Amino acid sequence: MIAGGLGVTPLLSIAEGSPERHISLFYSAHYDHDLIYLNQLKNWHQRDNFDLHYQVGRYSEADVLNHQLHDSLNNTIFLISGPAPMIRYWKRTLKKNGIRNGQMYAEEFTW
């Protein structure tokens, strides 16, 4: 999962409703105070199958694609949620790295 700012909101229900799945969340925002639900996410990070990465500022392509994935890239589904420019960036980046359209799902989520 890749979330920007408030875009983490729709991904929370997916993560909460899928405790048996291995999930890696890359969550970023422009400012510290924009990182919401961190306590809940940190609690989930205690699970063996939930990897949490959060920061102020953008993730690089290498940050996400070089992460040790549970499955191979061919078996990975990418859920992207946040501002439209962020979604467009990650869709282009993932396609450039061989990820098929059927492996990417996006939800534009901003104020």
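Mentor: Contact means heavy atoms within 4.5 Å. Not counting residues up to four places away in sequence, Ile-80 touches residues including Ile-2, Trp-90, Leu-94 and Tyr-105. This is a predicted model, in which local features need pLDDT of at least 70 and side-chain atom pairs count only at pLDDT 80 or more, while totals for chains, interfaces and linings use all residues. Residues are numbered from 1 along each chain as its sequence is written, and side-chain values use heavy atoms, with hydrogens and water left out.

Trainee: Is Ile-80 buried or exposed?

Mentor: Buried means under 20% relative accessible area, exposed over 50%, and partly exposed in between (1.4 Å probe, protein chains only). Ile-80, which is found in strand β4 (residues 78-82), has a relative accessible area of 2% and is therefore buried. Helices (H or I, at least four residues) and strands (E, at least two) are DSSP runs, numbered from the N terminus.

Trainee: How many salt bridges does a search of the whole structure find?

Mentor: A salt bridge is a side-chain nitrogen of Lys or Arg within 4 Å of a carboxyl oxygen of Asp or Glu. The search finds one: Glu-61 with Lys-96, whose closest N and O atoms are 3.0 Å apart. The pair links distant parts of the chain, helix α3 (residues 61-65) and helix α4 (residues 84-96), 35 residues apart. Glu-61 is partly exposed at 23% relative accessibility, whereas Lys-96 is exposed at 60%.

Trainee: Which way do β2 and β3 run?

Mentor: Two strands pair if DSSP finds at least two bridges between them. Strands β2 (residues 23-29) and β3 (residues 50-56) run parallel, joined by seven bridges, and Leu-25 stands opposite Leu-52 in β3.
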